Amino acid sequence: MEQRYEEIFRTYFSTLCYFAQKYVPDLDACKEIVHNVFVIIWEKRNEFDFEKPAKSYLFTSVYNRCMNYIRDQKKFIDNEDAQEISWNKEAINENHLEAAELESQIWEGINSLPEKCREIFILNRFEEKKYAQIADQLKISVKTVEAQISKALKLLREHLKDYIHLLLFLIVNNLW
Amino acid sequence: MTSGDRYIDMDLLTRYFSGETSQEETRKVEEWMSGSEDNRKEFDQLKQAWDLMDKTHPRREINIDKEWKYLRNKIHASADQHHKVFHFRRVIQIAAAVILLVSIGLVSRQMILNKSVNTKMTETREISLPDGSKVTLNAGSKIIYAKNYALSNRQVKLTGEAYFEVKRDTTLPFIIILNDAEIEVLGTSFNVKAYKGSNKIEVTVTEGQVSLYEKDIRNKRIIATVGEKAIYDRNRKIVKKTLNADQNYMAWKTHKLIFNNDKLSTVAETVENVYHRKIVLKNEKLNSCTITTRFEGKDIETILKVLESTLDITIEQENGIIYLSGEGCE
């Protein structure tokens, strides 16, 4: 059972956090919310059916906790002083769930890249370093940088191919 | 490469997405792309995979092994707690008996149970608590904690200002009792300003999260995280939070002061709080002076000299009070 519990945690934790973030902006607060859901499951482990699909239970619990969190926080925001702390009040939304799944897949993809490849790709894609700067920083040739980045792209396309249509859907509908 | 080519060099295409192709190469890619329906499809898919990365950021990466460890600790802590509660009930029973015996004697219970640290108006002091948490007291402040601190509770009483670095312990929340409000944390770092005469309590968070609530109304707590400030308004009896705009909230401890186009009155107030000296602006006009500068580990004399020379003001000291005068900066 403990093994199954860990498996569920590892499968859903990051997706649930990204999902929570559609409602609660602070990622650390979201992590805490999701952790608390898992603590409850652990405390009720003797009644919890680990064989049944856990997904809808998890998302509903996280959603409810987000709503409680917003409710608790909102009471204390003084209008004069509140600066840009705004809350998203929409109801549970399938698209939020899918956007969260996609973000967690993006990280799964990035993290499954070979180490060097991942490092170079992150430098280029997130830190916006030019090929030459990366080559300089890592003391390798520009050619190697180029090869690693295109390798990363190939692998990521493979990893994410099932999700790309989803992305299009989300963008077209202005949900992301 | 002609426009009918089926394949394209992946390195070239990636370079194109990166914006590192020459004009000639750019033309090549675009020609290839418009060469056939299949090429177009291939291009779109790769471009989408590339663009997908814009939807996240390394700051948003979640390390699942770390989170799993954290959860395991949390679970085991809550299991231990049940254990401890039982165990400590006995400890408390014994302690109660001891207290009873002692209070029959002449020593007051207060003296036996509590430790207290005061700071004078001119000093700050660092204290280590039995659980390894650290407290730095600003001037004119007082902290009291029970002798059995860290056994059955982690409670302290504070008046004045202090910076807390609380050791994480999920089984025993750390509670600060102020006169009319309470703060509860598990393990974080934050500054608390709760001077007696002031009409508010301010809690500024450096790390982790902190909850603040009016005494006995814990279910109406507000949670502040890094970069935020929780405030208890003593007049209106409400808790609220804002983003922290004061870069110098910890200057009294670090002696690092940053001023960014700040009015002289703000500067004087900050310097007063950090160096525990009274500063008086003799002239309203002086407030038209603003200053942008940083001081690190400087003594007050140096700071005054810098202000004197950059703002063209006169500084005099009498009976320990610092007087600023001048024509202003208009």
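Let me start with B:H276, which sits in the loop between helix 7 (264–275) and strand 15 of chain B, where helices (H or I, at least four residues) and strands (E, at least two) are DSSP runs numbered from the N terminus. The phi of B:H276 is near 55°, a positive value in a residue other than glycine. Most residues other than glycine have a negative phi. At 18% relative accessibility B:H276 counts as buried, because buried means under 20% relative accessible area, with exposed being over 50% and partly exposed in between, for a 1.4 Å probe and protein chains only. B:K237 also has a phi near 55°, again positive in a residue other than glycine, and B:K237 lies in the loop between strand 12 (228–233) and strand 13 (238–243) of chain B.

Residues are numbered from 1 along each chain as its sequence is written, chains are lettered from A and ligands numbered from 1 in the order in which they are written, and side-chain values use heavy atoms, with hydrogens and water left out.

Staying with chain B, we have 8 helices and 18 strands, and of its 330 residues 42% count as buried. If we take the contacts in chain B with a separation of 6 or more, residues 24 or more positions apart account for 47% of them, a contact being heavy atoms within 4.5 Å.

Which cysteines in the model form a disulfide? B:C289 and B:C329 do, with their sulfur atoms 1.9 Å apart, and the count over all chains comes to 1 disulfide, where a disulfide is taken as a pair of cysteine sulfur atoms within 2.5 Å. The pair links distant parts of the chain, 40 residues apart, with B:C289 in the loop between strand 15 (279–281) and strand 16 (290–296) of chain B, and B:C329 in the segment after strand 18 (321–325) of chain B. With 90° about the S-S bond, this link of B:C289 and B:C329 is right-handed. As for accessibility, B:C289 counts as buried at 1%, whereas B:C329 counts as partly exposed at 35%.

Buried residues make up 49% of the 176 residues in chain A, and among contacts between residues at least 6 apart in sequence, 65% join residues at least 24 apart.

One helix pair in chain A deserves a description. Helix 1 (residues 2–20) and helix 4 (residues 94–111) of chain A pack at an angle of about 130°, with their axes 8 Å apart; the axes are lines fitted to C-alpha atoms, for helices over the stretch in contact, and the angles run from 0 to 180 degrees between N-to-C directions. The contact is made by A:S14, A:T15, A:Y18 and A:F19 of helix 1, together with residues of helix 4 including A:H96, A:L97, A:A100 and A:W107. Helix 1 and helix 4 of chain A are therefore oblique to each other, given that angles under 35 degrees count as roughly parallel, over 145 as roughly antiparallel, 65 to 115 as roughly perpendicular, and the rest as oblique.Now to B:W50, which lies in helix 3 (residues 37–52) of chain B and is buried, with a relative accessible area of 4%. Leaving aside neighbours within four places in sequence, B:W50 is in contact with residues of both chains, among them A:F121, A:R125, A:L153, B:T14 and B:F17.

Finally, on confidence, chain A averages a pLDDT of 83, and 83% of the residues score at least 70, pLDDT being the predictor's confidence in each residue, from 0 to 100. Over residues 78–90 of chain A, pLDDT stays under 50. Where pLDDT is low, the predicted coordinates should not be read in detail.

Notes
Predicted model: local features only at pLDDT ≥ 70, side-chain atom pairs only at ≥ 80, totals over all residues.
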